[in-house]
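Trainee: I would like to go through the labels used for this structure and ask what each one rests on.
Mentor: Go ahead, and we will set each value against its cut-off.

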Amino acid sequence: MQERHKNRKIYFEEQGKTTAQYVIPYMEKVMDINDQVRVLEIGCGEGGNLMPFIERGCEVVGIDLNELQIDRARTYIKETVPHAKATLIYDDMYNIDPKELGSFDLIFMRDVIEHIHDQEKFMPFLANFIKPRGKIFFGFPPWRMPFGGHQQICRSRFLSKLPFFHLLPMPLYKGVLQSFGEPTKTVEDLVEIKNTGISIQRFEKIVSESGYVFDRKDLFFINPNYEIKFGLRPRKLSGLIKPIPFVRDFFTTCYYCVISKG
């Protein structure tokens, strides 16, 4: 397990830096990000991704299922921007009434969709919260990439650095985790991620069948977030591999896209 997974303030700051440096400029190719934009982040965690939007004067709403993370988000954001136009909600997104919450210019989901159960139901549900010309941003690691199973959260230093073993059949995967002494909670979390992990092809199929269109999409061989984590500059996937379904999943460490209602 890396230090950033234990020290959540570090994680909060890292999220904000990557979103400011790479994600917002990526979205600005298809929309303006200014103080008139209303932003909803689903799975906001400690709220680090929201900070660059707050600093631009946006009204932001963050929703997360983890109460502790929402409490931290309130603390971290208040410490950084005391008078931020920020609302943090501890709840399941399905419990939220669109009429009460209102609609948004941007829904933001970074490293979240791969944790959502029943993505075929969730994707069209999001349309209830988007303005007619609103956008949705997704950034996520495709399931078959080297660490698509999020095994970096393992306590075992060996397993946390072992690529692709999350692709083992479920009984063998659980057996490996247990044999290396991973706590029951970690095993449960990693098994859940294995159940919800999503490939590029399946994600694009769900987007299309849910009535959305792509404003832009890109596959990264080196995830933009790896610059702050490992000092590696972002790099898009080679054009030779990019068109090949299934194979590209093994080489794409991060998928970015912006979609809107068709």
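Trainee: Which hand does the crossing of α8 and α9 have?
Mentor: In this predicted model, α8 and α9 cross in a right-handed way.

Trainee: Why are α8 and α9 called roughly antiparallel?
Mentor: The axes of helix α8 (residues 170–179) and helix α9 (residues 184–196) cross at roughly 155 degrees and come within 10 Å. Angles over 145 degrees count as roughly antiparallel, so α8 and α9 get that label.

Trainee: Which residues of α8 and α9 meet?
Mentor: From α8 there are Met170, Tyr173, Lys174, Leu177 and Gln178, and from α9 there are Val187, Leu190, Val191, Lys194 and Asn195. The residues of this contact of α8 with α9 divide into 6 nonpolar, 2 polar and 2 charged.

Trainee: Is the crossing of α6 and α10 left-handed or right-handed?
Mentor: The crossing of α6 and α10 is right-handed. On the α6 side, Gln119, Glu120 and Met123 take part, and they meet Arg202, Phe203, Ile206 and Val207 in α10. These residues of the contact of α6 with α10 divide into 4 nonpolar, 1 polar and 2 charged.

Trainee: How many aromatic pairs does the structure hold?
Mentor: There are 19 aromatic pairs in the structure.

Trainee: Why is the pair of Phe125 and Phe129 called edge-to-face?
Mentor: The ring centres of Phe125 and Phe129 are 5.4 Å apart, and their planes stand at 70 degrees. A pair needs centres within 6.5 Å, and planes over 60 degrees apart count as edge-to-face.

Trainee: What makes the pair of Phe165 and Tyr173 tilted?
Mentor: For Phe165 and Tyr173 the values are 5.4 Å centre to centre and 45 degrees between the planes. Stacked would need planes under 30 degrees apart and edge-to-face would need over 60, so the pair of Phe165 and Tyr173 counts as tilted.

Trainee: How do you know that Phe125, Phe129, Phe165 and Tyr173 are buried?
Mentor: Buried means under 20% relative accessible area. Phe125 has 17%, Phe129 has 0%, Phe165 has 6% and Tyr173 has 0%. Each value is under 20%, so each of these residues is buried.

Trainee: Which residues form one aromatic cluster?
Mentor: The members of that cluster are Tyr26, Phe53, Phe108, Phe137, Phe220 and Tyr256.

Trainee: How do you know that Ile54 counts as buried?
Mentor: Ile54 is in helix α3 (residues 51–55). Its relative accessibility is 7%, and the cut-off is 20%, so Ile54 counts as buried. Beyond its neighbours within four places in sequence, Ile54 is in contact with Val60, Ile77, Val81, Ala84 and Ala86.

Trainee: What makes Thr18 buried?
Mentor: Thr18 sits in helix α2 (residues 8–27) and has a relative accessible area of 3%. That is under 20%, so Thr18 is buried. Residues up to four places away in sequence aside, Thr18 touches Val23, Arg110, Pro224, Asn225, Ile228 and Tyr256.

Trainee: Why is Ile241 called partly exposed?
Mentor: Ile241 lies in the loop between β7 (235–236) and α12 (247–251). Its relative accessibility is 23%. Under 20% would be buried and over 50% would be exposed, so Ile241 counts as partly exposed. Apart from neighbours within four places in sequence, Ile241 is in contact with Val247, Arg248 and Phe251.

Trainee: What about Phe221, and why is that residue partly exposed?
Mentor: Phe221 is in strand β6 (residues 212–222). At 36% relative accessibility, Phe221 falls between the cut-offs of 20% and 50%, so it counts as partly exposed. Phe221 touches Arg235, Lys236, Leu237, Phe251 and Thr253, with residues up to four places away in sequence not counted.

Technical notes
Residues numbered from 1 in each chain as written. Predicted model: local features only at pLDDT ≥ 70, side-chain atom pairs only at ≥ 80, totals over all residues. Heavy atoms only, no water. Left-handed = near helix turned anticlockwise from the far one by under 90°. Helix = DSSP H or I, 4+ residues; strand = E, 2+ residues; numbered from the N terminus. Contact = heavy atoms within 4.5 Å. Nonpolar A, V, L, I, M, F, W, Y, C, P; charged D, E, K, R; others polar. Phe/Tyr/Trp six-rings, centres within 6.5 Å; stacked < 30°, edge-to-face > 60°. Buried < 20%, exposed > 50% of the residue type's maximum accessible area, 1.4 Å probe, protein only. Axes fitted to C-alpha atoms, helices over the stretch in contact; angles between N-to-C directions. Parallel < 35°, antiparallel > 145°, perpendicular 65-115°, else oblique.
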